Amino acid sequence: IDIGHHIWRKRSLFGYVTSVGDADNFRIFHTPGGRLAGWGWLPWRRVPDKVKELKDNTVPIRLAGIDAPEMAHFGKTAQPFSKEAHEFLTSYVLHRRVRAYVYRRDRYDRAVATVYVRKWLLKKDVGLEMLKRGLATVYEGKSDAEFGTLEAKYRNTETWAKLRRKGMWAGTKKDYESPHDYKIRTAKATP
């Protein structure tokens, strides 16, 4: 699904998470109007459950403002805590309804967005929850950084997680490598 340029920074998307890729991105099936518009309870407003029906009908989402440890791919080894971050994101959003506040498209054609999921009656920022648990860092990329208005909150939350030695911050400083530094190091090592 193509998101028109008039949507960026002005609107949000309701969607149902159909799959989780890496630990900071996933795909949603856009459900305009959410449950109020009948999605999930009206027979003609259902989210497809077959891969064939979902193909080309989902929106790839990249969580804004965070960078999670890299999983193993393209012959590269996984970073510590990548499995835990992926498992958390999967358990937190997969097969759940979310609202994505979209900012822009990234170089991989994903919508960069701050995403909220309802937990009981509370609206939870998915990226912020990952930072609290030490399962992501604040995004360090120079050209692709996008936070909306949440950069200070994200940086404060990362500092809080570091002080409490949550997740990837539990080890010593010499054992830690940020996802950003990992990408640079492994890119140099690739022939």
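The following paragraphs lead from the overall fold of this protein to several of its individual residues.

The structure is a predicted model, in which local features need pLDDT of at least 70 and side-chain atom pairs count only at pLDDT 80 or more, while totals for chains, interfaces and linings use all residues. Residues are numbered from 1 along each chain as its sequence is written, and side-chain values use heavy atoms, with hydrogens and water left out.

The protein contains five helices and eight strands. Helices (H or I, at least four residues) and strands (E, at least two) are DSSP runs, numbered from the N terminus. Their order along the sequence is β-β-α-β-β-α-β-β-β-α-β-α-α. The radius of gyration of the protein is 17 Å, close to the 16 Å that the globule rule gives for 191 residues, so the protein is as compact as a globular protein of that length. Here the radius of gyration is taken over C-alpha atoms, and the globule rule is 2.2 Å times the number of residues to the power 0.38. Along the principal axes, the C-alpha atoms fill a box of roughly 55 × 40 × 30 Å.

Of the 191 residues in the protein, 44% are buried. The term buried means under 20% relative accessible area, exposed means over 50%, and partly exposed lies in between (1.4 Å probe, protein chains only). The protein exposes about 11200 Å², of which carbon and sulfur atoms supply 56%. These accessible areas come from the Shrake-Rupley method with a 1.4 Å probe; for residues, only the protein chains shown count as cover. Among contacts with a separation of 6 or more, 66% are between residues 24 or more positions apart. A contact means heavy atoms within 4.5 Å. As for charge, the mean positions of the 38 positive and 22 negative charges are 5 Å apart. In this count Lys and Arg are positive and Asp and Glu are negative, whereas His and the chain ends are not counted. Each charge is placed at NZ of Lys, CZ of Arg, CG of Asp or CD of Glu.

Leaving aside neighbours within four places in sequence, D67 is in contact with D24, R62, A136, T137, Y139, P179, H180 and K183. With K183, D67 also forms a side-chain polar contact of 3.0 Å. A polar contact is a pair of N or O atoms within 3.5 Å; within protein, one must be able to donate a hydrogen and the other to accept it, and residues adjacent in sequence count only if both atoms are side-chain atoms. The C-alpha atoms of D67 and A23 are 8.4 Å apart, although 44 residues separate the two in sequence.

I66 also belongs to strand β4, and I66 is buried because its relative accessible area is 0%. Beyond residues up to four places away in sequence, I66 touches D24, G127, M130, L131, A136, T137, Y139 and Y154. From I66 to A145, 79 residues along the chain, the C-alpha separation is 8.8 Å.

R62 is located in strand β3 (residues 59–63). Its relative accessibility of 7% is why R62 counts as buried. Apart from residues up to four places away in sequence, its contacts include D24, D67, D106 and R110.

E146 lies between β8 (137–138) and α4 (151–163), and E146 counts as buried because its relative accessibility is 9%. A polar atom of the E146 side chain lies 3.4 Å from the backbone nitrogen of G148. T77, in the loop between β4 and α2, is exposed, with a relative accessible area of 57%. Leaving out residues up to four places away in sequence, T77 touches A72 and Y182.

Two other loop residues concern the backbone angle phi. Most residues other than glycine have a negative phi. H95, which is not a glycine, has a positive phi of about 65°. H95 lies in the loop between α2 (82–93) and β5 (97–105) and is partly exposed at 48% relative accessibility. W120, likewise a residue other than glycine, has a positive phi near 60°. W120 is found in the loop between β6 (111–119) and β7 (122–125), and W120 is exposed, with a relative accessible area of 84%.
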